[in-house]
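Hi,

Here is the structure I said I would pass on. Have a look at it first, and my notes follow below.

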Amino acid sequence: MSTEWARLHEELAAAGLESGLEVALSPHTSYQIGGAARCAVSVSSREEAAALAGVVSRHPGLGLLLIGRGSNLLVADEGFDGLAVLMGGAGRIPGAGRDRPTERNTTSSADSRTGSEGTAVDILIDDDRVVATGWALLPLVARRSVAARRCGLQWMVGVPGTVGGAVRMNAGGHGADVAGNLAACGVLSLRSGRITDLPVGDLGLHFRGSALADHHVVVTATFHTAAATDDSCERELTDIVAWRRANQPGGRNAGSVFVNPAPGSGSAGALIDGAGLRGRRIGTAEVSEKHANFIQADPGASAFDVVALMIEVQDTVERAHGIVMRSEVRLVGFADEVVSRFSDPRHDEPDRVGAREHLISILDGGSQP
Ligand SMILES: Cc1cc2nc3c(=O)[nH]c(=O)nc-3n(C[C@H](O)[C@H](O)[C@H](O)COP(=O)(O)OP(=O)(O)OC[C@H]3O[C@@H](n4cnc5c(N)ncnc54)[C@H](O)[C@@H]3O)c2cc1C
């Protein structure tokens with residue numbers, strides 16, 4: 001499909017959405033590197049998401065990239081040849097008109113039913129359920145829940161992403177994950193324009209993945225929690241923050257690069273370490289000295305260097321241990337052969353394919369262009 005980006009930009013503006021052309025994606029990812037999206041739009045409410053669906057449904061075949069906090073993305077230096085959707089991204093597109101600081105706005109709207117800019121509440125504690133918008137920040141969900149004496153979501157404090165990104169990736173840590181906490185979620189199909197409330201079983205959640213497609217926007221998620229009977233959840237939250245600071249590097253990275261192989265094969269970090277790769281550098285990218293499964297980028301680094309280092313790590317570990325490691329990080333704008341080298345081979349197994357087809361039929365049923 002040949003998309004006329006200027007026309008798309010005009011349609012987005014006519015729908016009342018903040019958008020821009022050739023928008024640099026580096027400020028929107030934790031790696032802070034990579035090129036531009038041909039077009040980007042910000043969405044900070046259900047209404048804006050619905051307006052976006054109205055435009056997208058007129059552009060069949062348009063490539064879409066939803067971006068929460070970009071903490072699991074590596075964008076190629078060449079950028080993304082499609083429409084990037086910055087979730088909760090008001091004010092994040094330079095020169096697009098409205099100027100609303102995202103971080104403060106998200107926090108303030110989480111504090112009250114309507115934020116200072118009148119946006120809907122991001123996190124609602126309702127008895128044993130915690131309901132959050134898809135663009136609510138996970139650490140904030142964890143802190144708000146514990147402050148309201150609800151337990152179970154403490155692990156989220158260590159994951160620097162949004163609820164939507166976490167559902168899509170089935171994020172987890174410290175012995176828990178989204179699949180274990182999620183009760184239901186509301187998903188908007190940008191193709192059909194419908195929001196559907198789904199039980200967790202329909203999402204096809206598996207280790208660090210789901211059956212959600214690129215045009216499926218998580219707009220709300222409802223999590224189970226338990227009542228706090230003592231201060232142990234609060235203590236656990238504090239311990240997780242301390243553990244992360246002690247064991248993981250800050251700076252430009254996307255968390256763990258490689259998925260831990262099958263049980264009994266050792267962690268990905270241990271395999272990388274065992275292959276002598278801790279501190280290995282290619283150009284502007286380096287295997288972290290602090291945690292061997294993190295690849296750090298220098299300021300102004302090239303995404304090409306990060307991928308070149310990923311390839312070297314993958315090949316060296318295979319030679320040393322006979323294990324082909326796959327990546328947790330979503331690669332955007334790279335050649336198919338690069339993406340498939342790191343993607344989970346189980347992606348094409350019948351149960352995964354079936355789960356994706358099932359979800360498409362529920363969310364897009366009858367209205368796929
Ligand atoms: C320092 C560090 C530590 C980390 N630790 C962990 C960890 O312990 N466990 C773990 O699982 N991950 C970890 N991560 C990775 C990352 O934080 C998680 O995968 C997180 O859930 C991604 O959320 P995000 O909003 O940043 O998603 P993004 O990176 O923006 O996007 C990830 C995927 O989700 C999609 N997406 C984004 N928003 C939505 C939405 N609203 N609806 C539907 N799809 C959407 C994107 O299109 C993309 O496919 C870590 C990352 C860093 C930088």
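Let me start with Asp-364, which lies in helix α11 (residues 350-364); helices (H or I, at least four residues) and strands (E, at least two) are DSSP runs, numbered from the N terminus. Before going on, two housekeeping points. This is a predicted model, so local features need pLDDT of at least 70 and side-chain atom pairs count only at pLDDT 80 or more, while totals for chains, interfaces and linings use all residues. Residues are numbered from 1 along each chain as its sequence is written.

Why does Asp-364 count as buried? Because it has 20 C-beta neighbours inside 10 Å. The cut-offs are 20 or more other C-beta atoms within 10 Å for buried, 12 or fewer for exposed, and partly exposed in between, with C-beta atoms placed from the backbone. Leaving out residues up to four places away in sequence, Asp-364 touches Ser-189, Arg-191 and Ser-192 (contact means C-beta atoms, placed from the backbone, within 7 Å). Arg-191 is 173 residues away along the chain, yet its C-alpha atom is 6.6 Å from that of Asp-364.

Next, the ligand. It is surrounded by 34 residues, and Gly-68, Gly-161, Gly-164, Gly-165 and Gly-255 are the closest (the C-beta atom, placed from the backbone, has to lie within 6 Å). The largest share of that shell, five residues, comes from α5. By class, the shell has 14 nonpolar, 17 polar and three charged residues; Ala, Val, Leu, Ile, Met, Phe, Trp, Tyr, Cys and Pro count as nonpolar, Asp, Glu, Lys and Arg as charged, and the others, Gly among them, as polar.

The largest nonpolar core has 103 residues, and those touching the most other members include Leu-52, Val-85 and Val-141. Such a core is a set of buried Ala, Val, Leu, Ile, Met, Phe, Trp, Tyr and Cys residues joined through C-beta atoms within 7 Å. Helix α9 (residues 303-321) gives the largest share of this core, seven residues. Not counting residues up to four places away in sequence, Leu-52 touches Leu-17, Val-41, Val-43, Val-85 and Leu-190.

Helix α4 (residues 138-147) is mostly covered, with eight of its ten residues buried. Just after α4, Arg-149 takes a positive phi of about 60°.

Last, there is an open antiparallel sheet of three strands, ordered β15-β16-β17 (strands pair if DSSP finds at least two bridges between them).

Cheers

Definitions and conventions. Two residues are in contact if their C-beta atoms, placed from the backbone, lie within 7 Å.
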